[in-house]
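Subject: A structure for you to look at

Hi there,

Have it open while you read, if you can.

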Amino acid sequence: MALTIRKWLQSIDLPLLTSQTMTVHKPIKAPDLNDLAFELATADQLSERLPRIIENLQMSLNDLFTSRQRCDLLVIFSMPETSETYVHHAQQNQPHPKLLQSLHREFTKNTPAENELLTISHQSKHWQLLAKRILRYDKVVVWLLCSFDDKVPDSKKINWALSSIEQGLMKGIYAWYQREQRVKNALQTERSIYAAELHDSLAQVLGYLRIKSAKLDKLCQQEPYKELQPITEDLRSYTLCAYRQTRELITSSRITMQTDNLAEGVINSINEFKHQSAIFFELDNRMRINTLSPKQSLQILYIIRESLSNIVRHSHATYASILLNPVNSNQLEVVIEDNGIGIEPSAARRDSFGMQIMRERAERIGGSLSITNRDQGGSQTRLLLNVEDSSES
């Protein structure tokens with residue numbers, strides 16, 4: 001397996017290799033390019049492997065510059081469409097909070113100039129940053145940054161020192177994304193097959209039983225069979241519940257977030273529901289980084305989709321909003337609101353299980369869910385949960 005991946009890495013054509021200046025000099029003393037790429041390409045979690053690799057690269061760079069010229073290496077994954085930025089750094093070099101805030105702004109809302117120094121200041125502190133775009137994969141742009149606290153070396157010397165590092169990171173991260181995409185495609189294909197089999201077998205049987213049990217229940221409402229009516233009502237209700245849960249499983253198997261990114265999954269859902277209504281949807285995403293585990297992200301997405309589906313089908317609303325709001329470093333609040341007619345809990349049908357399933361999903365990920373009417377009209381669905389460590393899933 002290892003030999004195969006190494007050969008694969010060596011055979012990768014790098015169309016995304018930028019035309020950055022790579023002055024030809026004697027090779028610098030840096031980690032082996034293929035070893036670096038191999039380590040990244042085979043990582044289970046890129047976010048866990050990168051800090052150690054950056055730390056090793058940092059040590060090799062320190063040998064090339066004087067103490068005043070040394071820089072801190074940062075690798076940034078920027079997703080401007082969802083306003084998210086992930087900053088990876090050496091384990092021993094935690095960036096200043098103000099620097100992180102500025103980097104988030106620069107790399108999501110602006111387009112930093114490549115190979116030009118960017119200065120960020122906070123009070124008496126100044127950072128000079130040299131940004132190099134090393135890769136773009138789908139909607140993610142990966143940058144390599146050198147953060148200088150003091151004297152900035154000659155640009156030719158920096159380019160010479162970073163050329164091998166850029167290529168190693170680019171090759172490894174590109175291969176990692178390709179591998180992840182293949183795994184996702186295979187998983188999605190398998191889930192689609194199961195969904196189709198479920199649809200063509202159990203769902204059809206349950207659909208038949210649903211119709212028959214409803215007819216039987218209606219028949220037993222007549223006087224000669226009145227004593228059987230409580231039994232047939234339960235039979236109809238539970239058959240309908242089983243049918244809907246099966247349909248939900250089919251739908252869930254076909255849903256794909258396309259990515260582990262919750263915000264992107266919500267955007268995809270909004271685009272889907274836009275075509276089913278004249279409602280104006282708005283997403284307010286205040287999550288700077290996605291710290292949710294894949295399990296939490298998927299369950300939250302299901303809850304949001306069910307809320308949006310209810311709004312489209314029952315609310316008579318013209319406006320709906322979704323808020324993703326980190327209350328603090330450990331808690332996330334998700335609020336879905338609309339300006340429709342609101343809800344009437346006492347009018348809920350016995351055979352309606354949507355809200356119950358939403359609450360069960362919330363409990364499954366350690367969250368609490370409330371569904372209420374807003375004072376100004378319409379309804380509000382609020383989910384509050386503790387954020388899991390994403391590395392646990």
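How are H2 and H5 oriented to each other, roughly parallel or roughly antiparallel? Before I answer, please keep in mind that this is a predicted model.

**Helix H5 and its partners**

Helix H2 covers residues 33–41, and its axis lies 7 Å from that of H5, at an angle of about 30°. Angles under 35 degrees count as roughly parallel, so H2 and H5 are roughly parallel to each other. The crossing of H2 past H5 is right-handed. On the H2 side, the contact is made by Leu33, Asn34, Leu36, Ala37, Leu40 and Ala41. H5 contributes Ser164, Ile165, Gln167, Gly168, Leu169, Lys171, Gly172, Ile173, Ala175, Trp176 and Arg179. Sorted by class, the contact of H2 with H5 holds ten nonpolar, five polar and two charged residues.

Helix H3 (residues 46–62) also packs with H5, which spans residues 155–200. Here the axes come within 12 Å and cross at roughly 165°. Since angles over 145 degrees count as roughly antiparallel, H3 and H5 are therefore roughly antiparallel to each other. H3 passes H5 in a right-handed crossing. The H3 residues in this contact are Leu46, Leu50, Leu57 and Leu61, and they meet Ala161, Leu162, Ile165, Leu169, Ile173 and Trp176 of H5. In the contact of H3 with H5 there are ten nonpolar residues, with no polar and no charged ones.

You will see some H5 names in both lists. Ile165, Leu169, Ile173 and Trp176 belong to the contact with H2, and Ile165, Leu169, Ile173 and Trp176 also belong to the contact with H3.

Alanine 161 deserves a look of its own. This residue sits in helix H5 and takes part in the contact with H3. Its relative accessibility is 1%, so alanine 161 counts as buried. Alanine 161 and leucine 64 are 97 residues apart in sequence, yet their C-alpha atoms are 7.6 Å apart in space.

**Two residues in helix H7**

Helix H7 runs over residues 229–254 and includes threonine 246. Is threonine 246 buried or exposed? With 6% relative accessibility, threonine 246 counts as buried, because the limit is under 20%. The side chain of threonine 246 reaches the backbone oxygen of alanine 242 at 2.7 Å. Beyond its neighbours within four places in sequence, threonine 246 is in contact with Leu198, Leu202, Ala203 and Leu206.

Glutamate 233 is in helix H7 too. With a relative accessible area of 22%, glutamate 233 is partly exposed.

Strand E8 takes in residues 331–338, and glutamate 333 lies in it. The relative accessibility of glutamate 333 is 13%, so this residue counts as buried. What does the side chain of glutamate 333 join in a polar contact? The partner is the side chain of arginine 382, at 2.7 Å. Apart from neighbours within four places in sequence, glutamate 333 is in contact with Leu323, Leu324, Asn325, Val327, Arg382, Leu383 and Leu384.

**Two loop residues to check**

Glutamine 123 is not a glycine, but it has a positive phi of about 55°. This glutamine lies in the loop between strand E3 (117–122) and strand E4 (125–137). Glutamine 123 counts as exposed, because its relative accessibility is 72% and the cut-off is over 50%.

Histidine 316 also has a positive phi without being a glycine, in this case about 60°. The loop that holds histidine 316 runs between helix H9 (294–315) and strand E7 (319–326). Histidine 316 has a relative accessible area of 64% and is exposed.

**The whole chain**

The protein has ten helices and ten strands. It has 393 residues, of which 43% count as buried. Among contacts with a separation of 6 or more, 68% are between residues 24 or more positions apart.

Note on methods. Residues numbered from 1 in each chain as written. Predicted model: local features only at pLDDT ≥ 70, side-chain atom pairs only at ≥ 80, totals over all residues. Heavy atoms only, no water. Helix = DSSP H or I, 4+ residues; strand = E, 2+ residues; numbered from the N terminus. Buried < 20%, exposed > 50% of the residue type's maximum accessible area, 1.4 Å probe, protein only. Polar contact = N/O pair within 3.5 Å; in protein donor to acceptor, adjacent residues only side chain to side chain. Contact = heavy atoms within 4.5 Å. Axes fitted to C-alpha atoms, helices over the stretch in contact; angles between N-to-C directions. Parallel < 35°, antiparallel > 145°, perpendicular 65-115°, else oblique. Left-handed = near helix turned anticlockwise from the far one by under 90°. Nonpolar A, V, L, I, M, F, W, Y, C, P; charged D, E, K, R; others polar.
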